[in-house]
Amino acid sequence: MALNDKREIPNPTMNLGASVRVNKCGVCVLMTLMVMVVFLYKYGNNTEFKREVVSLRSLLSAAIDAAERGGRVVYDVREAATLHEQSKGKTKEGANDPVTDGDIKSHLTMFFSLQKSFPAIKIISEEHSLSDVDVSSVSPAALIHPEVTAAIVEDQMVPAGDIRVWIDPLDATQEYTENLKEYVTTMVCVAVRGHPTIGVIHKPFSKSTAWAWVGKGVSPALRQTGNQGVIKNDIARIIVSRSHAGDVKTVATAAFGEKTEVIPAGGAGYKTLAVVEGKADAYVHSTAIKKWDLCAGNAVLFALHGNMTTLGGDHLDYGSQEEYKNEGGVLATLTNHSYYLQKLQVLGIKTPKAG
């Protein structure tokens with residue numbers, strides 16, 4: 001460098017402050033990343049935040065497998081006479097609400113077999129799992145079923161967050177304790193965005209299974225139904241609950257005439273199938289009932305172009321675990337739903353208010 005060159009030689013210490021100045025934009029990015037990491041760690045296993053897509057055909061197969069496996073447990077407990085019956089208390093109508101080893105063991109089998117096959121799906125059961133129960137021996141529910149493979153050609157993929165699975169590990173527990181085996185069922189229902197879409201109703205003691213997928217297909221047992229929904233000889237056959245009858249018998253007679261045949265039976269699953277099979281024209285229930293009792297039968301009826309509503313004519317929504325109770329009564333028919341609904345509403349029956 002020439003002696004008369006006036007350019008300054010850079011001093012390496014002159015911009016030291018600038019070199020360590022905090023980059024606000026970078027800090028914001030870093031903090032955002034940290035928040036995201038904490039969020040994913042805390043909520044990563046929550047089904048509401050998962051975007052996993054589920055095959056409904058595989059879920060139908062799993063539902064059938066779970067219902068039948070639960071049914072085998074129910075059968076074994078009853079045959080061994082090891083029910084260990086307890087009471088969950090009284091219903092609003094004063095009826096005993098029992099629970100047995102059959103309920104609990106079937107729940108463990110059905111709930112965890114489905115959960116292991118579909119961990120991202122929300123499953124809602126009538127019973128609850130104990131925290132210290134070992135379920136390592138419960139294998140995942142099967143994703144392939146021969147009846148489904150034969151009947152369902154086209155699959156449907158649905159986000160896991162849109163699905164709610166409702167299970168009833170043992171419907172008609174009261175009748176189960178009384179050894180009235182014909183009324184007992186195990187049920188699984190798949191609701192998509194609140195709509196009952198897949199229904200499985202298994203009868204453990206006759207070892208028969210009815211299943212349906214709305215708009216896709218039904219089981220061989222449902223392809224021929226005997227009920228046309230027409231009142232014969234001016235006699236309506238109304239099936240009602242034997243343990244939660246409420247005022248249904250009085251209501252049915254007033255609505256359909258003194259000749260009305262009122263059929264008391266146990267279990268919502270059994271009563272819905274009785275309508276489908278032509279053993280009754282309508283299933284009427286006038287008191288509160290849980291949605292795990294109804295969802296599977298609701299889906300079966302929808303698949304067969306039947307209907308299930310409250311006594312006020314509203315369809316049931318199965319999208320929320322918190323709203324698990326239906327306070328509006330039930331009317332289930334295969335055909336002529338509006339006729340039965342109108343007859344009941346002429347009496348001034350409206351959807352009861354919750355409470």
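The views below show a predicted model, in which local features need pLDDT of at least 70 and side-chain atom pairs count only at pLDDT 80 or more, whereas totals for chains, interfaces and linings use all residues. Residues are numbered from 1 along each chain as its sequence is written, and side-chain values use heavy atoms, with hydrogens and water left out.

**View 1. The disulfide between Cys189 and Cys295.** The structure holds one disulfide, a term that stands for a pair of cysteine sulfur atoms within 2.5 Å; here the S to S distance between Cys189 and Cys295 is 2.1 Å. The pair links distant parts of the chain, since Cys189 belongs to strand β7 and Cys295 to helix α9, 106 residues apart. Helices (H or I, at least four residues) and strands (E, at least two) are DSSP runs, numbered from the N terminus. Both cysteines, Cys189 and Cys295, are buried, that is, under 20% relative accessible area with a 1.4 Å probe and protein chains only, where exposed means over 50% and partly exposed lies in between.

**View 2. The largest nonpolar core.** This core has 37 residues, and those with the most contacts inside it are Trp166, Leu222, Ile239, Tyr283, Leu294, Met308 and Tyr318. A nonpolar core is a set of buried Ala, Val, Leu, Ile, Met, Phe, Trp, Tyr and Cys residues joined through side-chain atoms within 4.5 Å. At least two residues of the core come from each of β7 (185-192), β9 (208-213), α8 (268-276), α9 (295-303) and β17 (330-333), and α8 gives the most, with six residues. Another core, of 35 residues, lies apart from it and includes Val54, Ile64, Ile121 and Val135.

**View 3. The surroundings of His145.** His145 is placed in the loop between β4 (122-125) and α5 (146-151), and with a relative accessible area of 14% this residue is buried. Not counting residues up to four places away in sequence, His145 touches Ser61, Ile64 and Glu68, where contact means heavy atoms within 4.5 Å. Between His145 and Ala63, 82 residues apart in sequence, the C-alpha to C-alpha distance is 9.8 Å.
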